[in-house]
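This report covers side-chain contacts, surface features and backbone details. The sequence and structure are shown below.

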Amino acid sequence: NVASPRYYSLASAAADGVVEICVRRQPEGVCSTWLTGLEPGAVIDAFVRPHESFRPMAGAAPVILVGAGTGIAPLIGFIRHNAAARPMHLYFGARNAEDGFLYGEELRQLAGAGRLSALTTAFSRASPRAYVQDRLLADAARLRDLVACGAQIMVCGGSKMAAGVADAWARILAGSDFSVAQLRMQGRYVEDVY
């Protein structure tokens with residue numbers, strides 16, 4: 001039923017003056033099919049529901065962004081608005097680079113402009129196959145150092161990916177002074193999961 005609410009993370013901020021969402025058409029998906037079938041100029045009923053805990057914390061500490069697929073939406077918004085060039089490290093996963101690397105060109109431009117410190121990608125249908133969890137584990141020493149420097153971790157995407165990412169972080173933080181549970185309690189490990 002199209003009339004029941006569907007929730008999408010915004011890629012835009014209030015200051016942008018527009019609402020931008022990132023939608024992937026799902027097989028047999030009622031809302032995604034309807035949204036992707038709209039013509040320019042179409043009018044829809046919508047509302048904004050703030051997600052107060054899913055935003056970068058105040059300060060200049062590094063931010064580690066982890067997303068897959070349309071989970072890039074809020075992350076690209078944070079990067080776009082990083083005018084202060086706060087260290088932001090993005091780990092992005094998709095099925096393939098050809099049609100799944102959402103905002104790829106813009107992300108490269110944002111990196112060149114200093115709004116994104118590092119861009120690491122993982123494509124599950126490429127050869128060799130990789131997931132964001134694999135990329136996180138490969139960078140474990142650097143990520144532990146960022147967490148020790150006060151980094152916040154922000155994860156957005158599907159629940160299966162988020163669970164795998166949390167497991168990877170548990171392995172990364174093992175033997176350190178930090179745990180995923182501790183970071184969650186401090187607001188330094190936050191998720192926007194669907």
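## Terms and basis

A residue is called buried under 20% relative accessible area, exposed over 50% and partly exposed in between (1.4 Å probe, protein chains only). By this scale Phe 54 and Phe 78 are both buried.

The model is predicted: local features need pLDDT of at least 70, side-chain atom pairs count only at pLDDT 80 or more, and totals for chains, interfaces and linings use all residues. Residues are numbered from 1 along each chain as its sequence is written, and side-chain values use heavy atoms, with hydrogens and water left out. Helices (H or I, at least four residues) and strands (E, at least two) are DSSP runs, numbered from the N terminus.

## Aromatic pairs

A pair of aromatic rings is described by the distance of the centres and the angle of the planes. Rings of Phe, Tyr and Trp (its six-membered ring) pair if their centres lie within 6.5 Å; planes under 30 degrees apart count as stacked, over 60 as edge-to-face and the rest as tilted. Four aromatic pairs are found in a search of the whole structure. One of them joins Phe 54 and Phe 78, a tilted pair at 5.9 Å centre to centre with 45° between the planes. This pair links distant parts of the chain, 24 residues apart: Phe 54 is in the loop between α1 and β1 (63–68), and Phe 78 is in helix α2 (residues 72–80).

Phe 92 and Phe 101 form a stacked pair, with 5.8 Å between centres and 20° between the planes. Both Phe 92 and Phe 101 are buried. Ring pairs also bring in Phe 123, so that Phe 92, Phe 101 and Phe 123 make up a cluster.

## Charge over a ring

A charge sits over a ring if NZ of Lys or CZ of Arg is within 6 Å of the ring centre and within 35 degrees of the ring normal. The charged end of Arg 49 is placed in this way over the ring of Tyr 7, 3.9 Å from the ring centre.

## Salt bridges

A salt bridge is a side-chain nitrogen of Lys or Arg within 4 Å of a carboxyl oxygen of Asp or Glu. The whole structure holds six salt bridges. In one of them, Arg 80 meets Glu 20 at 2.9 Å, N to O. Arg 80 lies in helix α2 and Glu 20 in the segment before α1, so this pair ties together parts that are 60 residues apart in sequence. Glu 20 is partly exposed, at 23% relative accessibility.

Arg 80 also forms a salt bridge with Glu 106 (2.7 Å, N to O). Here the link runs from helix α2 to Glu 106 in helix α4 (residues 104–112), 26 residues apart. Glu 106 counts as partly exposed at 24% relative accessibility. In another salt bridge, the closest N and O atoms of Arg 184 and Glu 191 are 3.0 Å apart. Arg 184 is partly exposed, with a relative accessible area of 37%, and Glu 191 is partly exposed at 26%.

## Nonpolar surface patch

Patches are made of residues with over 30% relative accessible area and no salt bridge: like charges are joined within 9 Å, nonpolar side chains (Val, Leu, Ile, Met, Phe, Trp, Tyr) within 5 Å. Accessible areas come from the Shrake-Rupley method with a 1.4 Å probe; for residues, only the protein chains shown count as cover. Tyr 8, Val 19, Ile 21 and Val 48 make a nonpolar surface patch of about 350 Å². Of these residues, Val 19 lies in the segment before α1 (30–36). Val 19 is exposed, with a relative accessible area of 59%.

## Cysteines

A disulfide is a pair of cysteine sulfur atoms within 2.5 Å. A search of the whole structure finds zero disulfides. For Cys 31, the nearest cysteine sulfur is that of Cys 22, 14 Å away. Cys 31 is buried at 10% relative accessibility, whereas Cys 149 is exposed at 58%.

## Backbone details

The peptide bond from Ser 127 to Pro 128 is cis, with omega near 0°. Pro 128 lies in the loop between β3 (118–123) and α5 (132–138).

Ala 85, a residue other than glycine, has a positive phi near 60°. Ala 85 is in the loop between α2 and β2 (88–94), and is partly exposed at 42% relative accessibility. Tyr 103 is not a glycine either, and its phi is positive at about 60°. Tyr 103 is found in the loop between α3 (97–100) and α4.
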